[in-house]
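Please keep the sequence and the coordinates in view while reading.

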Amino acid sequence: MSSPETLPQQPDYSYEAFAQRDFYIALNERLLKYSPEIHSLVDFATGTGAVIDHLRSHGKLKEPFTAIGVDIDEEGLERARRKFTNLNTLESGSNYVNFINYSVAETPITSSSQELVTYLHAIHLMPDPLATLVEAERILEPRGTILVITGYTKDFAYPPRTEARRQWGLLAKIARDSLKSRAEEIEYVLKQKGEDEKANDLFARGRDPFQNTASDYLDLLAQAGFQYSVPDNHITNMDRDDMRAICSYREFAQGRFPNIPLEYSIPALVEAVDPAFERMETDYFQRGWYLYRAKKKAA
Ligand SMILES: C[S@@+](CC[C@H](N)C(=O)[O-])C[C@H]1O[C@@H](n2cnc3c(N)ncnc32)[C@H](O)[C@@H]1O
């Protein structure tokens with residue numbers, strides 16, 4: 001019998017590796033520096049809790065504080081809970097960090113109870129982004145702050161006058177061609193699992209995350225009742241390791257190839273990175289991000 005040390009490791013398809021990349025930390029820093037110093041925080045779509053960690057280590061959480069991370073991915077929540085094991089008991093006057101499995105469209109958090117909602121790299125995933133902003137507005141105190149960032153605006157994700165659209169398009173094409181060369185094998189695996197519908201439409205596209213422009217998100221913030229919305233944008237340079245990290249993330253691969261099992265789509269994407277960089281003759285892939293800060297109206 002194998003000892004625990006020799007058991008095969010489950011591949012890590014979580015967001016953790018990408019969340020640790022230097023360019024990504026610096027990008028989030030650009031947004032999170034606008035956080036006021038606060039005692040109460042809700043992190044929407046918290047993933048593995050990186051935002052709460054960041055705000056705490058940058059002194060934005062003033063004692064005693066409560067921080068709640070909300071997500072629908074239990075595996076990510078479990079990793080997040082392990083980072084804050086010493087802070088998960090509610091004692092009067094002490095700090096408290098909790099991670100709850102809820103959709104950000106509807107949380108159990110008391111109305112008008114929070115000073116800050118952070119909402120990083122997730123609003124574009126939501127079928128109804130307005131409903132999630134309405135929920136953020138509901139739980140914030142009057143004059144409470146929301147901070148949002150997305151790399152999926154229709155008009156700036158691939159910034160004009162850059163090679164970004166061609167770079168990301170080529171990466172996806174190389175991965176798709178490699179998957180096509182194994183299509184029979186993948187169809188067989190899916191059919192063995194009884195997933196015939198997926199097998200019959202191997203290269204179906206998922207929901208389009210590029211549905212809103214940068215100014216659409218400003219409109220949604222206003223519709224949800226926020227004011228003083230300030231947009232900012234930034235273009236990042238992502239190197240090969242940054243790209244390999246995002247290609248290893250479950251939701252990224254599922255977004256590109258929703259019907260293909262991760263054990264095929266992730267290696268195909270990761271292996272596409274080197275040839276894509278070589279064919280584009282570049283050291284960096286570019287990406288455009290929009291950042292927003294806004295306030296709930298006074299009571
Ligand atoms: C790209 S990750 C971002 C994680 C984190 N905000 C960060 O920046 O480190 C997107 C997260 O959105 C979560 N998510 C997707 N739909 C959600 C929903 N309806 N409610 C809550 N979380 C959701 C996913 O589970 C995932 O953890």
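**From a covered strand to the whole fold**

Strand β2 is mostly covered, since eight of its eleven residues are buried. A residue counts as buried if 20 or more other C-beta atoms lie within 10 Å of its own, as exposed if 12 or fewer do, and as partly exposed in between, with C-beta atoms placed from the backbone. Helices (H or I, at least four residues) and strands (E, at least two) are DSSP runs, numbered from the N terminus. The model is predicted: local features need pLDDT of at least 70 and side-chain atom pairs count only at pLDDT 80 or more, while totals for chains, interfaces and linings use all residues. Residues are numbered from 1 along each chain as its sequence is written.

β2 pairs with β1 in the parallel sense over six bridges; pairing requires that DSSP find at least two bridges between two strands. Val42 stands opposite Ile68 of β2. Strand β2 also contains Pro64, and the peptide bond from Glu63 to Pro64 is cis, with omega near -10 degrees. Most residues other than glycine have a negative phi, and most peptide bonds are trans.

The phi of Ala45 is near 50 degrees, a positive value in a residue other than glycine. Ala45 is buried, with 22 other C-beta atoms within 10 Å. Tyr228, in strand β6 (residues 226-238), likewise has a positive phi of about 50 degrees although it is not a glycine. Tyr228, however, is exposed, with 12 other C-beta atoms within 10 Å.

Which residues are closest to the ligand? They are Ala45, Gly47, Asp73, Leu120 and Ala122, within a shell of 20 residues that surround the ligand. A residue is near a molecule if its C-beta atom, placed from the backbone, lies within 6 Å of it. α3 (50-57) and β2 (61-71) each supply at least two residues of this shell. By class, the shell has 13 nonpolar, five polar and two charged residues. Here Ala, Val, Leu, Ile, Met, Phe, Trp, Tyr, Cys and Pro count as nonpolar, Asp, Glu, Lys and Arg as charged, and the others, Gly among them, as polar.

Helix α4 (residues 74-83) has Gly76, Leu77 and Ala80 as its buried residues. These residues cover an arc of only 100 degrees around the axis, which puts them on the same side of α4; the arc is that of the directions from the helix axis to the C-beta atoms. An α-helix has 3.6 residues a turn, so residues three or four places apart point the same way. The buried residues of α4 pack against β2 and β3 (96-101), where contact means that two C-beta atoms, placed from the backbone, lie within 7 Å. The face turned away from this buried side carries the exposed residues Glu74, Glu78 and Arg82.

Helix α9 (residues 214-223) can be read in a similar manner. Tyr217, Leu220 and Leu221 are buried in α9. They cover an arc of only 100 degrees around the axis, which puts them on the same side of α9. The buried residues of α9 pack against α5 (129-139), β6 and β7 (285-296), whereas Ser215 and Gln223 are exposed on the other side of the helix. α9 is followed by Gly225, whose phi is positive, near 105 degrees.

Two pairs illustrate how the chain returns upon itself. Arg138, in helix α5, is partly exposed, with 18 C-beta neighbours inside 10 Å. Arg138 and Ile109 are 29 residues apart in sequence and 9.1 Å apart in space, C-alpha to C-alpha. Pro11, in the segment before α1 (16-19), is exposed, with 12 other C-beta atoms within 10 Å. Pro11 and Ser248 are 237 residues apart in sequence and 9.5 Å apart in space, C-alpha to C-alpha.

The protein as a whole comprises twelve helices and seven strands. Of its 299 residues, 37% count as buried. Among contacts between residues at least 6 apart in sequence, 80% join residues at least 24 apart. Along the principal axes, the C-alpha atoms fill a box of roughly 60 × 60 × 35 Å.
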